[in-house]
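Hi everyone, thanks for making time. I'd like to walk you through one model today, so let's bring it up on the screen.

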Amino acid sequence: MNTGIPIQYFLILATIMFFTGVYGFLTRRNLITILMSVELILNSVNINFLAFNRYLYPNKLEGMFFSLFVIAVAAAEVAVAIAIIINIYRRFTTINVEDVNEMKF
Amino acid sequence: MASNQIMFILFAAMIIVFSVLTVTSRKILRAAVYLLFVLVSTSGLYFMLNYQFLAAVQLTLYAGGIVVLIIFSILLTSHISQKFESSGWKKNVFSAIAAITGAILSIITILDYKFSATTEAAKEVDMRLIGKSLLSVDYDGYVLPFEVISVLLLATMVAAIVIAKKSGPAKTQSPTLNQE
């Protein structure tokens, strides 16, 4: 099925994706693009879990269920984050992180 | 070269190119569409690893749900034609140095490590097995995280409504949004 593709290829691909997300997280200033970088990071971790599960422990299902729960948590996180972002936009009319520096409620 | 290797190279190239474009694109809507391409290629990788259910979940939840939410909030909060000014070159350079250093260290570690697979027979992942594992309390059961996730989703729904609803009389809200 996966003949000719070592597990290291999957792990290196996930590493590159993860650090691309880290780069975006550090350089972006818009809250939504920061959220998109976080999505990249979560996805690369999922690839790692599934590759480990399929290559090293194909008799178990831990990696698959962990990825399933990571996806569910990511969906919840995005829903709350976007509610917060829209609330911030209502209050400050911007979602640039450098202009939003007040936590007064 | 076997066909699955060609498929893997295709998916890997798509993931790398589009994730770099996602974090460097100056137009926010384009960045969201590139993110969609990354997520779809990831689900292709899941299909290659023979996890069909998870690939379907990835397509429907990530590509169908989360990207639509992100695009929706982009349309609510920014002008489509607006371009970001690039953040200072110092920030870019140092972030790139941090990311590349981390990536190189991780890749060296991965290449050094000797992975040893188990010798037991592989389990066929079908829908029946997934459903039984999710609701079983045995050794291989996942009913506790399943219940915790359901409580989390309920809390998320309540939280999203509470956060996003207008609180009392409009105090400092922008005049453009009050007419809805």
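Predicted model: local features only at pLDDT ≥ 70, side-chain atom pairs only at ≥ 80, totals over all residues.

Residues are numbered from 1 along each chain as its sequence is written, while chains are lettered from A and ligands numbered from 1 in the order in which they are written.

The contact between the chains takes 66 residues from chain A and 74 from chain B; two residues are in contact if their C-beta atoms, placed from the backbone, lie within 7 Å. On the side of chain B that touches chain A, the largest share, 13 residues, comes from helix 3 of chain B. Helices here are DSSP runs of H or I, at least four residues, numbered from the N terminus. That side of chain B divides into 49 nonpolar, 21 polar and 4 charged residues. Nonpolar means Ala, Val, Leu, Ile, Met, Phe, Trp, Tyr, Cys and Pro; charged means Asp, Glu, Lys and Arg; the others, Gly among them, are polar.

Now the pair: helix 3 of chain A (residues 62–92) packs against helix 6 of chain B (residues 143–164) at about 10°, with axes 9 Å apart. So the two are roughly parallel, a label for angles under 35 degrees. Their contact has 17 nonpolar residues, 2 polar and no charged.

Finally, chain B is assigned domain 1 (1–82) and domain 2 (124–166), with C-alpha centres 24 Å apart; the bounds come from an automatic or database domain assignment.

Methods. Axes fitted to C-alpha atoms, helices over the stretch in contact; angles between N-to-C directions. Parallel < 35°, antiparallel > 145°, perpendicular 65-115°, else oblique.
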